[in-house]
Amino acid sequence: MTDFNQQDVEILRREPGFRGFYRLDVLTLRHRLFAGGWGPELRRELFVRPDAVCVLPYDPWQDTLVLVEQMRVGALDKRSSPWMLELVAGLFDADESAEQVAHREAREEAGLDLLQLTPITRYFPSPGGSNEQVYLYCATVDSRGVGGVHGLAEEGEDIRVSVLPRSEALQALEQGRIDNAASIIALQWLELHGQRLREQAGPQP
């Protein structure tokens with residue numbers, strides 16, 4: 001493990017590259033080397049975006065998952081269809097906690113009330129060029145009657161909600177039909193901890 005910290009990186013210049021829904025900064029920096037001393041000046045583009053919250057809604061009584069499907073621009077040129085099966089997810093608004101984001105996005109994207117949130121992990125999805133962190137949760141839900149198309153019209157959202165047996169979601173994962181990081185991590189976590197969630201759930205409310 002490294003002993004380096006923030007003081008071992010010197011930012012010489014930070015310039016605006018792009019300002020839109022997201023932001024791109026151009027950094028000129030140098031950092032200390034494992035062999036000692038300082039390395040050369042480096043130019044790095046940093047994709048600056050709000051942190052995100054992703055939630056795997058799990059019904060331990062029915063052993064089902066609630067997943068959402070929507071078009072993702074990042075997948076346009078990389079897969080046969082850019083419509084991806086994913087977790088409920090959203091970005092932080094000002095002064096929101098991660099738990100507040102989770103509950104808000106579950107209602108907006110899936111018409112879903114989260115009963116209990118269990119933290120899974122927090123991670124950087126692409127630290128080589130982005131400062132985004134993802135707060136990942138599993139949430140206990142009642143999946144009965146859940147489904148349909150949801151999302152905020154003013155944000156152009158068109159989100160289809162599906163309830164899948166856990167076995168079917170795992171098959172989609174193994175076949176590569178679920179191929180985004182948050183969903184993969186959460187489903188693997190559920191395989192390790194799902195039995196405990198089912199045992200702790202008690203009678204269905």
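1. A pocket, as the word is used here, is an open set of grid points with protein on both sides within 12 Å along at least five of seven lines. The second largest pocket of this predicted model holds about 810 Å³ of space. Its lining comprises 22 residues, and those closest to its centre are Gln-6, Val-9, Leu-27, Leu-29 and Pro-127.

2. Of the elements, β3 gives the most, with 4 residues. By class, the lining of this second largest pocket has 10 nonpolar, 7 polar and 5 charged residues.

3. The largest pocket contains about 1,600 Å³ of space. It is lined by 44 residues, and the closest to its centre are Tyr-22, Arg-49, Arg-72, Glu-86 and Leu-91.

4. Both strands and helices supply the lining of the largest pocket. At least two residues each come from β4 (52–59), β5 (64–71), β6 (83–86), β7, α1 (98–110) and α3 (181–201). The element that gives the most is α1, with 4 residues. Sorted by class, the lining of the largest pocket has 21 nonpolar, 15 charged and 8 polar residues.

5. Leu-91, one of the residues closest to the centre of the largest pocket, belongs to strand β7, which covers residues 88–91. Setting aside neighbours within four places in sequence, Leu-91 is in contact with Phe-21, Tyr-22, Arg-49, Pro-50, Asp-51, Ala-52, Glu-96, Val-101, Arg-104 and Glu-105. Among these partners, Tyr-22 and Arg-49 are also listed with Leu-91 as closest to the centre of the largest pocket.

6. Val-101 lies 10 residues from Leu-91 in sequence, and the two C-alpha atoms are 7.3 Å apart in space.

7. Ser-130 sits in the loop between β8 (116–123) and β9 (134–140). Is this residue buried or exposed? Ser-130 counts as buried because its relative accessibility is 9%, and the cut-off for buried is under 20%.

8. The side chain of Ser-130 reaches the backbone nitrogen of Glu-132 at 3.2 Å. Leaving aside neighbours within four places in sequence, Ser-130 is in contact with Leu-46, Phe-47 and Arg-49.

Conventions:
Residues are numbered from 1 along each chain as its sequence is written. This is a predicted model: local features need pLDDT of at least 70, side-chain atom pairs count only at pLDDT 80 or more; totals for chains, interfaces and linings use all residues. Side-chain values use heavy atoms; hydrogens and water are left out. Contact means heavy atoms within 4.5 Å. On a 1 Å grid over the protein atoms alone, a cavity is a set of points where a 1.4 Å probe fits but cannot get out, and a pocket is an open set with protein on both sides within 12 Å along at least five of seven lines; lining residues have an atom within 4 Å of a point. Grid points are joined across faces, edges and corners, and a volume is the space filled by probe spheres set on the points. Ala, Val, Leu, Ile, Met, Phe, Trp, Tyr, Cys and Pro count as nonpolar, Asp, Glu, Lys and Arg as charged, and the others, Gly among them, as polar. Buried means under 20% relative accessible area, exposed over 50%, partly exposed in between (1.4 Å probe, protein chains only). A polar contact is a pair of N or O atoms within 3.5 Å; within protein, one must be able to donate a hydrogen and the other to accept it, and residues adjacent in sequence count only if both atoms are side-chain atoms.
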